[in-house]
Amino acid sequence: MKRLCYFLGAGLCLLFLTSTVFAVRVTALYQAKIPVSSQTAEERNRFLQAGLTQVLIKVSGNPQIISNPQVKARLGSANSLMQEFSYAPQPGSSTKPFLLQLDFDSEGINNLLREAGAPIWGQNRPLILVWLESEIPNQPAEMMTSDSANFILPLLKQQADRRGLPIIFPAMDVTDLSQVSVNDIVTMAIPVLTNAAKRYGSDAILVGRMIQNSNGYTTQWNLVMGDDQWSWTLAGKTPEDTLTALADNVANTLAGRYASLLTNSVQSKITLKITGISEDDDLSQLMNYLKHLTPVTDVQLDGVTGTDVIVTISLRGTQNSFLQAISIGQKLTRVSDDTNQTMSVYQWNH
């Protein structure tokens, strides 16, 4: 039996096919993975700066972040921000058989970016369902699934991890096959693919074609999130070239929307009434959710009445940055302004 979902992103929470699934928390955002030839301290130290650079780009969403003078000045002291390291085997490589994993201090990274006046793209990120069709000469077109043995999947996983993008592939089980065909991907039939994606609870879909030819690979991509769409045509001599460019384009686009400038002190506060707190663990889940949003520095519970709660939220960023953060996954959806117009009302979605 096919697995229903297969995560292609570092440190992702387990996702099941339910009617309501929300944005993914990328827990390995402050972790870098680098292929190395040995496990010596000398080689590890040589790659500390590269590891820190990888993490800074993931967290800021900005590939040019190391050009920031304050960030550039700290690259040489990467060791002070590193917390742990470990090694894992890297199959298929004779020259670099190990994968060095470097874990950096999350608060230290965030402080560095805040002091540098650079945006931070939080751990709650849009979940992307990938509809991908691959064409190789003299072979039938292949639609990528969660169980595909195609070499493209681990390559795309690697590039998605590099930029902190949570992605999944469809199971292409009986339900999917009754709704989607290869031709729907070839023609970029967005309404059909968007409708079929509902069962996966994704925040966005990425529709792609990879065509191998005598010059390498030509690819076409369409990223769809709500009413917004972005398209790219990318070519390269190797699949690594095109998938690297793809991950950069997707990450840069989403970071432009969700990364926000934060400070080390409270900039503003917002008070909300939240309805629908009806289950035993709803309140604890709500408070935990709010506290882990990137702009939030503190959450105070002001009152509980039946299934309604009132909270005051202290923000390191603007109220707009908070509203952008909660728009991912729709754990909180706007209901209306309260009758006394002193606060907004939101519904908690289980």
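Is Phe85 buried, exposed or partly exposed? In this predicted model, in which local features need a pLDDT of at least 70, side-chain atom pairs count only at pLDDT 80 or more, and totals for chains, interfaces and linings use all residues, Phe85 is partly exposed, with a relative accessible area of 38%. Here buried means under 20% relative accessible area, exposed means over 50%, and partly exposed lies in between, with a 1.4 Å probe and protein chains only. Residues are numbered from 1 along each chain as its sequence is written, and side-chain values use heavy atoms, with hydrogens and water left out.

The average pLDDT of the protein chain (the predictor's confidence in each residue, from 0 to 100) is 89, and 92% of the residues score at least 70. Over residues 1–22, however, the pLDDT is below 50, and this stretch has 70 contacts in the model beyond near neighbours in sequence, where contact means heavy atoms within 4.5 Å.

Two aromatic pairs are present in the structure; rings of Phe, Tyr and Trp (its six-membered ring) pair if their centres lie within 6.5 Å, and planes under 30 degrees apart count as stacked, over 60 as edge-to-face and the rest as tilted. One of the pairs joins Phe85 to Tyr87 in an edge-to-face arrangement, at 6.2 Å centre to centre and with 80 degrees between the planes. Tyr87 is partly exposed, with a relative accessible area of 22%.

Helices (H or I, at least four residues) and strands (E, at least two) are DSSP runs, numbered from the N terminus. The axes of helix H2 (residues 48–60) and helix H5 (residues 152–163) come within 7 Å and cross at roughly 80 degrees; axes are lines fitted to C-alpha atoms, for helices over the stretch in contact, and angles run from 0 to 180 degrees between N-to-C directions. H2 is therefore roughly perpendicular to H5, given that angles under 35 degrees count as roughly parallel, over 145 as roughly antiparallel, 65 to 115 as roughly perpendicular and the rest as oblique. On the H2 side, Gln54, Ile57 and Lys58 meet Asp161, Arg162 and Arg163 of H5.

In helix H4 (residues 106–115), the buried residues include Gly108, Ile109, Asn110, Leu112, Leu113 and Arg114, and their cover includes H2, helix H3 (69–74) and strand S5 (98–104). Arg114 has a relative accessible area of 8% and, leaving aside neighbours within four places in sequence, is in contact with Glu107, Ile120, Leu262, Thr263, Asn264 and Arg316. Although Arg114 and Ser260 are 146 residues apart in sequence, 10.0 Å separates them in space, C-alpha to C-alpha.

Leu290, placed in helix H10 (residues 282–291), is buried, with a relative accessible area of 0%. Not counting residues up to four places away in sequence, Leu290 touches Ile274, Val296, Val299, Val311, Ile313, Phe322 and Leu332.

Most residues other than glycine have a negative phi. Asn138, by contrast, has a positive phi near 65 degrees; this residue lies in the loop between strand S7 (128–135) and strand S8 (142–143) and counts as exposed at 84% relative accessibility. Met172 also has a positive phi, near 50 degrees, and is found in the loop between strand S9 (167–168) and helix H6 (174–177), but Met172 is buried, with a relative accessible area of 5%.
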